Amino acid sequence: MGPASKKNRKKRPSFRKLLKTSNLKLENKQKNRQFKQQSSAKKQRKEQRKLRQAITDVSHQTLKPLERYKKRPEDEEEEEEFLESLPTDMMDEDDLEQIKAMAHKASFLTRDISSSAPVHAKKRKSEQSVEKYEKMPRKMQMQKEKELIHLLPIKDKSGLIPQSMEKPVVPEAEEEPKDQEELEIEEEPESGPSLTPQEQLELRAHRLMEKKLHIASLSSAVLADPHVNIKKLKELRAMLMETDPCVAVTVRKLVMVSLMEVFKDIVPAYRIRPLTEEEKATKVKKETQQLREFEEGLVSQYKFYLEDLEQTIKDWKQKKQKRSQAVSLQCYKGLAEVAIRCICDLLVALPHFNFHNNIIVMVVPLMNDPVRTVSEMSCEAVRKLLKQDKLGQASLAMVKVISGMVKSRNYNVKPEVLKCLLCLRIKEVDMKKDTEDTAPKKKFMLFKERKTNLSRMQRKWKKAEEKLQKELLEAEATESKDKKIKLHTETLNIVFLIYFRILKKAQKSILLSSVLEGLAKFAHLINLEFFDDLLAVLFGLIISGDLTYRESLHCILTSFHILSGQGDVLNIDPLKFYSHLYKTLLTLHAGATNDDTAIVLQCLDAMLNKRRKQVNLLRAQAFVKRLSTLGLHVLPDSCVGILAANRTLMHTFPKCDILLDNEMQGSGVYLPELDVPEYCNPQNTGLWELHLLKSHYHPVVRKFAAHLMKGAPSEGSGALSMELSRRTPVQLFEDYSVKDMTFNPPVAGPPSKKKEHFTIGHAFFDPDLKAQIDAALQTEILLK
């Protein structure tokens, strides 16, 4: 009993087993519940499908009236004979009436269709709906059939009850005047035979004022509360498709500009990213949900607005006529210009927001547009963006797109496209970055090293010290600065890639002057490895003779910018560049107001003043003499800049005052026609040109000539005023430029005792010199 009963006794299940079985039961219950739900849903879908099929069959079925046939007299006689032959005397009246009723129901043609009782009681419910439709009374088509509008049926215990209504018919007499009115309204903007031109203008002004008020109300509502009225942007954007030919063009332009201003005001100062599936599934506060809806609506409407602007520009480019014909092809250019202006403003105003790269892709091809206004507008927007971009992300995106466009069009672009790159803010690149990377970084001790080499107290102090050093390093090395340096480095690499491609593959392109100008600006940031090759290429371009005078000046300026930066470590004597500039100085245009003088002055500053230790005295004296000769036959603005450059050279090289002496030093005679400055014996000549310039009609030229004749002193009677001495040669050239010549004519009226003044740049003259200046200007015009 003992062991046998223990074996036969049922073993109690463990907790794990119970848990396992309960989980299985729960899973089975869930599966059964899901199966039941699926089967019931399937049945419901099946019933709905049958119901829809029945409704469509009935709606498509045309109801025809049932024909009623008149009985022939022969049939009536036969029926009477049949009724007489019946044993009616053996039947009651009730039985006789029932037999007659059954006879009427015996056939489909003789039974009463109007009765709603079912003929076959054993038919299924699903067939009752069709049966009832068949039992509807049919009439002969004696009058015009009315159109029915089928409505949704009503389901009752007895089945489906169809619902329908007659289409309202408007009398023809009422329709005609309405159609005429519509035709008149449509024809008014086209021909307008019934309205005079004055009435048409008044009508257009009235409609335009209504549209303006509507645009203003929508815009002000959105600006007042953007989170609540964000949906009104859609209504405002729908007005971009204005179809009224009378005011369509003006309304579309107003809507474009209004939407641009609204977006500039309500767009947040951060980029909106799309929500993930997990973020959408989580429950959030009401305010957060409202903010999400606002951001989603704002991004979608902004995207649609940019697409509309892009489509407007494409229609103008492709000259595609729309179906509505509300806007003629001649008006597409005006619409496209407004759209381009809006895109350019958004490019500058919202560089941080979504779709900024898409805007860049739209604007960059327009920089090379054949229409001058469009290209100038786009280039100006790009220049503004590059000037105000402090982080470098927008600049990098812009340079990438420009590089791709220049390469894809085989360098056949306008020079203004590359001149925009001169506005890049790459001066903030930290040049010490390479030395920091090569310097050994401080390593912290490992735990094993501390344990073996240090005591317990030393380990404690070392740990605290390393923690403090890590915090200090995190505070110093800010992420923004490193990111900025990285972006600027990548941007500069792409810019140099554009420049080097053009130098290599398109040396005779019109882009060469822009490339040389850009290299002159960013030459101090070029990698040291490219210096020798770049200098060889630049000198080869100068010798080739294919360059203009300005392009050759840019080549020289670029070379000396390279040598004045990191090129100081190179032991290169650019004698050939000195000789070329010395030879071509006298080819500077004497009678034109050009900007070549400013580039010449920059070259002299880079070649002589900044490299004073590498320049010998003979070279400096030769340039002083050549510049004095050049000052005789140029306009007053260029002459002022050249004399200011001579003053700077005499301060940099004090021994140049020997040119103010009549005595000769050494052997030889001055050879002005020699191209090499060191071998023309400049020490054996004098600056006799200053005596001629001392009697120049321009007072500032006279001042500089007298100042140089006295040895360019910084103090004393021969010194210049503070305003002139503090200005650089380039600044003086720009201040007294003849481009700014303005004459103030005397005001009509009684003669006044005040002297009449006129200005050239910033210099004021007495009226006594007016006759001399007029005569000199006439002489220069004749010399041209």
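This is a predicted model: local features need pLDDT of at least 70, side-chain atom pairs count only at pLDDT 80 or more; totals for chains, interfaces and linings use all residues.
Biologist: What span should helix 7 have?

Modeller: Helices are DSSP runs of H or I with at least four residues, and strands are runs of E with at least two, numbered from the N terminus. The expected span is 1.5 Å times one less than the number of residues. For the 28 residues of helix 7 (residues 197–224) that gives 40 Å, and the end C-alpha atoms are 40 Å apart, which agrees.

Biologist: Which residues of helix 7 are buried?

Modeller: Buried means under 20% relative accessible area, exposed over 50%, and partly exposed in between (1.4 Å probe, protein chains only). In helix 7 the buried residues include Arg-207, Leu-208 and Ile-215.

Biologist: Which residue follows helix 15?

Modeller: Asn-410, with a positive phi near 60°. Helix 15 itself (residues 393–408) has 16 residues and reaches 23 Å, close to the 22 Å expected. Among its buried residues are Ala-394, Leu-396 and Met-405.

Biologist: Where is Leu-151 found?

Modeller: In strand 1 (residues 148–155). Leu-151 is partly exposed, with a relative accessible area of 41%.

Biologist: Where is Arg-49 found?

Modeller: Arg-49 lies in helix 2 (residues 15–60) and is partly exposed, at 49% relative accessible area.

Conventions. Residues are numbered from 1 along each chain as its sequence is written. Side-chain values use heavy atoms; hydrogens and water are left out.
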